[in-house]
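We will walk through the chain stop by stop, with something to select at each one.

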Amino acid sequence: MFIYILTCLLIRFSASVQPKFQEQTIDNNISIGYGLAIGDVDGDGRPDILLADKKQFVWYRNGDWKRFVMIENLTEHDNVCIAAKDINGDGMVEVAVGAQWNPSETTNPEQSGSVHYLVRPKDPTQLWKAIELPHEPTIHRMKWVRSSDGKYWLVVLPLRGRANQGGNGVGVKMIAYQFPDDVQKPWPTYTLDSSLHLTHNFDIVTRGNENQNGLYIASKEGIRFLKNDFSKHKDSKTEKLPGIESGAGEVRVGKLSADKNFIATIEPMHGQELAVYLPGIDAKRILLDGNLKEGHALAVADFEGSGTDQIVAGWRVPNKDGKVGIKLFIKKDISGTTWESQWIDENGMACEDIQVSDLDGDGKPDIVASGRATNNLKIYWNKSGK
C-alpha cells in the first residue's frame, strides 16, 4: 500500500503541467506603477485592472484594456496604494486609495500620508469623487478585509510610526476602518496593532485551518500574525510566528498541501532573498533565490493545476547579472524542500507590484505586473496545458 501511495504521488508531481505564459503589454507609458488591484469596475462580470500611478488612479477595462482616469492630482505628493473589492454585493468593486507618499516625513499627517474612499459616478469611465478619511503619516499599503463577524474593513498599513526614523521609536499604527452604511458619514476607526516598527506589506488568509486565518504582516521584526476576528480585539498585539523572525518586506501565504500552508517572503525590506518557510514548531526556512535586487513584488497561486501553490517574485533594480524581472518558483517534492525556477519576464519588467487573477475566465490564474524603471503594465496570460 505504501509503495502504491508513493507511486501515485510521484506520478502526480511528474504529470503536473509546466506553466507557460504569454505576455501582453497593455500600457508602456506609466510613471511608476506603485500599486495594483483587480476587480470588476463596470459590472460586466469580468475583472478589470486598477493602478495607483504617480499622480493618477486609473483602471483598464477587461477586453480592450482601454485606460480610464478615476481621479488625478489628489494630493501634493505621489499616490502609493489602492484597494478594490465588492463590499456591498452589487457586482462592482468599492475602491479606496492612499496617497501623499512622503516616507521621510513621519510626524506631520498633512504632509505625509492620506486615505480616501472613491465614490463611483453612474458611469465609472468618468471621474470619481474622493472622501477623505483620517490617517497616519507614511500610509503605504491597504486591503479590504472581511473579519470573522462578516463585517468589511479597510485595513491600512503605514511604513513607519510617528517620528520613527530608521525603524526605531514609536510603533506603526495598523488601522482598520469599518465600512459604514453611509460612506459620507464618519467611519468607525480602530488601531489594530502598534507593536511593530517598520512595516511594508501584508497578506490575508481566509481558507483552511481557522487558526491560520487572518493577517500576515511583513515587518522589521519578521512576519507577524493577527487573527481575522480582530474586530473583537481592537488595540491587540500581533503574534510572533516561531522561526520567522527575520526582517521582511513582502509576505504571501500559499497552499503546501490539502491541510498545510507555506509562507513566502522577500527579505529584508527591498531585499535580495526570496525564502519559503515550511510549517512546524519552528518553521523551516528554504532559500529559493538570493539574487534579487530590491525585491518588491510577491504572489502565490496554483498556476500549473497541481492542487498546491507556486510562487511568483519580482524585483525592480538590476541584480548582479544586470537583470530585472519576474520569476516563477515551483516545488518539486511533496515536502516543499526542493524548488526550481523559471523566467516569466527576463529583463523586461522592473517589477513594482504583482497581482494574480483569472482575467479571461479559463480557470487558470493570470499575472498582472507594473514596472517602475520600465514604465510598463503587462498581463502574463497563463497558457499552461496548451
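Start with the whole chain in cartoon view: this predicted model has one helix and 28 strands. Along the principal axes, the C-alpha atoms fill a box of roughly 65 × 45 × 45 Å. The radius of gyration is 20 Å, which agrees with the value near 21 Å that a compact globule of 386 residues would have. Buried residues account for 55% of the 386.

**Colour by confidence**

Next, colour by pLDDT. The mean over the protein chain is 93, and 93% of the residues reach 70 or more. Which elements mark the two ends of the range? Helix 1 (residues 2-15) has the lowest mean among the elements, 43, while strand 3 (residues 48-52) has the highest, 99. Select residues 1-15 and you will find pLDDT below 50 throughout, with eight contacts in the model beyond near neighbours in sequence. Where pLDDT is low, the predicted coordinates should not be read in detail.

Now hide the surface and show side chains. Nonpolar side chains tend to be buried together in soluble globular proteins. The largest nonpolar core here has 25 residues, and those touching the most other members are Val-115, Met-142, Trp-144, Leu-154, Tyr-177, Phe-179 and Trp-187. To see where this core comes from, highlight strand 6 (81-85), strand 8 (114-119), strand 9 (129-133), strand 10 (139-146), strand 11 (152-158) and strand 12 (174-178), each of which supplies at least two of its residues. Then look for another core lying apart from this one, with 19 residues that include Leu-274, Ala-313, Phe-329 and Trp-339.

**Two cysteines**

Select Cys-81 and Cys-351. How far is the sulfur of Cys-81 from the closest cysteine sulfur? The distance to the sulfur of Cys-351 is 17 Å, too far for a bond. Cys-351 is likewise in no disulfide, and the disulfide count comes to zero. Cys-81 is buried, with a relative accessible area of 2%; Cys-351 is buried as well, at 0%.

**A buried glycine in a loop**

Move to Gly-33, in the loop between strand 1 (21-27) and strand 2 (35-39). Is this glycine buried or exposed? Gly-33 counts as buried because its relative accessibility is 0%. Show what surrounds it: beyond neighbours within four places in sequence, Gly-33 is in contact with Leu-51, Ala-52, Asp-53, Glu-352, Asp-353 and Ser-370. For a distance check, draw a line to His-296: the two C-alpha atoms are separated by 12 Å, although the residues are 263 apart along the chain.

**Asparagine in strand 28**

Go on to Asn-382, which is found in strand 28 (residues 377-382). Asn-382 is buried, with a relative accessible area of 0%. Leaving aside neighbours within four places in sequence, its contacts are Lys-20, Phe-21, Phe-303, Asp-362, Lys-364, Pro-365 and Asp-366.

Finish with the backbone torsions. Most residues other than glycine have a negative phi, and most peptide bonds are trans. Which peptide bond is cis? Zoom in on Glu-267 and Pro-268, which are joined by a cis peptide bond with omega about -20 degrees. Pro-268 lies in the loop between strand 19 (260-267) and strand 20 (273-278).

Two asparagines with positive phi come next. Asn-73 has phi near 50 degrees and sits in the loop between strand 5 (67-72) and strand 6. Its relative accessible area is 52%, so Asn-73 is exposed. Asn-375 has phi near 55 degrees and belongs to the loop between strand 27 (366-371) and strand 28. With 27% relative accessibility, Asn-375 counts as partly exposed.

Note on methods. Residues numbered from 1 in each chain as written. Predicted model: local features only at pLDDT ≥ 70, side-chain atom pairs only at ≥ 80, totals over all residues. Heavy atoms only, no water. Helix = DSSP H or I, 4+ residues; strand = E, 2+ residues; numbered from the N terminus. Buried < 20%, exposed > 50% of the residue type's maximum accessible area, 1.4 Å probe, protein only. Contact = heavy atoms within 4.5 Å. Core = buried A, V, L, I, M, F, W, Y, C linked by side-chain atoms within 4.5 Å. Disulfide = S-S within 2.5 Å. pLDDT = per-residue confidence, 0-100. Rg over C-alpha atoms; globule rule 2.2 N^0.38 Å.
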